[in-house]
Amino acid sequence: MDILSQLDQIETAALADLQSAHTGEALETVRVEFLGRKGQLTQVLRGMGGLTPEERPAVGKRANEVRERLEAAFAEHSAVIAAEEEAARLEAERLDVTLPGRAPFIGRIHPLTRVLNDVKSIFTGMGFEVLDGPEVETFYYNFGSLNYPDDHPAMDDQDSFYLSDDVLLRTHTTAAQVRILQQRTPPVRCIYPGRVHRREQMTLRHSHTFHQVDGLLVDEGITFADLKGTLDAFFKAMFGEQTQMRFRADFFPFTEPSAEFAMSCFVCYGDGCRLCSHTGWLELGGSGMVHPNILRHVGLDPERYTGWAFGCGLDRLAMLRYGIGNIRQLLETDMRFLTAV
Ligand code: DAH
């Protein structure tokens, strides 16, 4: 085949191959195949050495034509492919601007923490310290040191979570009382909040895990009137000036005399409603004068020192204040609940 025919063939083949290239990469392969340094066009031009001087100009002209034609066609097709690739990319990255936005996530302070913060700030305002005790406690501090009679049912396996014969999850924050009295000398004035555990069936109001705050004041000349006055001031600060307190005789091994305490219902002010089970009162906790056996046990003379103590459920306070019907919601991390309260 003569050179001019070869050039025609190269032109036709290159134009056909280029049409079937649909990516920049494929197009480049075709370009190198025909126009590259070792491409078909160069190969053919090498054969020009065998031509006569008369033949050369026509072949040279035709070769340039073919080169220019092909270069133009590659440039044009390359622009088409770039536009196609751009269109595909835009399609793939398409944004639906009509989709609703995603609201930023806003954290909240847990209702129990809010209640506890208020409890701490009211008591520290009255000169109390905030102390702590271990959640995994010995039998001695949880029960033994607190003057429990040997057969008290609270000490039973049925009622407490024992880790061994001698170690259990504390069943009340009162477990820290003797630890504190062993470490301090009167005047002792403190609250000690924390998590406690009892073997309880989960119900709306009861849980195996809940929270309490105990308070303790031991000094010379402390009376039951101080207990009443302090709790009265605390609950007025917590639930409003109209709050009334009620104390009724009760029994706890670690106090004598002992009293349960309640506050007037802040929904019905004593008339009776669903919140207070139509009694007009909301029961809150236990209290009393520190038992002389405990004072003696920590080396204090009960003739000289007296003290009061109380214990109160924190979950109960949070449920009352925020209208929470199910204690379980306080222990679970359900953001729908936490952001709604
Ligand atoms: N620990 C008691 C309970 O969990 C509550 C209590 C009663 C605490 C009297 C006290 C107290 O400090 O003096 O039921």
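1. Let's start with a pocket in this predicted model. The second largest pocket is lined by Leu 204, Arg 205, Arg 274, Leu 275, Arg 316, Met 319, Leu 320, Gly 323, Ile 324 and Gly 325. Its volume comes to about 260 Å³. By class, the lining holds five nonpolar residues, two polar ones and three charged ones.

2. Next, the ligand. Which residues come nearest to the ligand? Among the 14 residues around it, these are His 172, Thr 174, Arg 198, Gln 212 and Asp 214. The shell as a whole is made up of eight polar residues, four nonpolar and two charged.

3. On the side-chain part, His 172 places a polar atom 3.0 Å from a ligand nitrogen, and Asp 214 has a polar side-chain atom 2.8 Å from a ligand oxygen. Ala 309 takes part through its backbone: one of its polar backbone atoms is 3.2 Å from an oxygen atom of the ligand. Taken on its own, the ligand has 360 Å² of accessible area, and the protein covers 89% of this. Strand 5 (209-220), strand 8 (281-290) and strand 9 (305-313) are the elements that each give two or more residues to the shell.

4. Now step back to the whole chain. It is divided into two parts, with domain 1 spanning 3-92 and domain 2 spanning 111-340. How many Å apart are the C-alpha centres of domain 1 and domain 2? The distance between these centres is 92 Å.

5. Two cis peptide bonds deserve a visit. One runs from Pro 186 to Pro 187, with omega near 5°; Pro 187 sits in the loop between helix 7 (177-183) and strand 4 (188-197). The other links Glu 256 to Pro 257, with omega near -5°. Here the proline is part of a strand, as Pro 257 belongs to strand 7 (residues 255-264).

6. A last stop for the backbone is Asn 147. Although Asn 147 is not a glycine, it has a positive phi of about 70°. You will find Asn 147 in the loop that connects helix 6 (139-142) and strand 3 (167-169).

Terms used
Residues numbered from 1 in each chain as written. Predicted model: local features only at pLDDT ≥ 70, side-chain atom pairs only at ≥ 80, totals over all residues. Heavy atoms only, no water. Near = heavy atom within 4 Å. Polar contact = N/O pair within 3.5 Å; in protein donor to acceptor, adjacent residues only side chain to side chain. Areas by Shrake-Rupley, 256 points an atom, 1.4 Å probe, with all protein chains shown as cover. Helix = DSSP H or I, 4+ residues; strand = E, 2+ residues; numbered from the N terminus. Nonpolar A, V, L, I, M, F, W, Y, C, P; charged D, E, K, R; others polar. 1 Å grid on protein atoms, 1.4 Å probe; cavity = no way out; pocket = protein on both sides within 12 Å on 5 of 7 lines; lining within 4 Å. Points joined across faces, edges and corners; volume = space filled by probe spheres on them. Domains from an automatic or database assignment.
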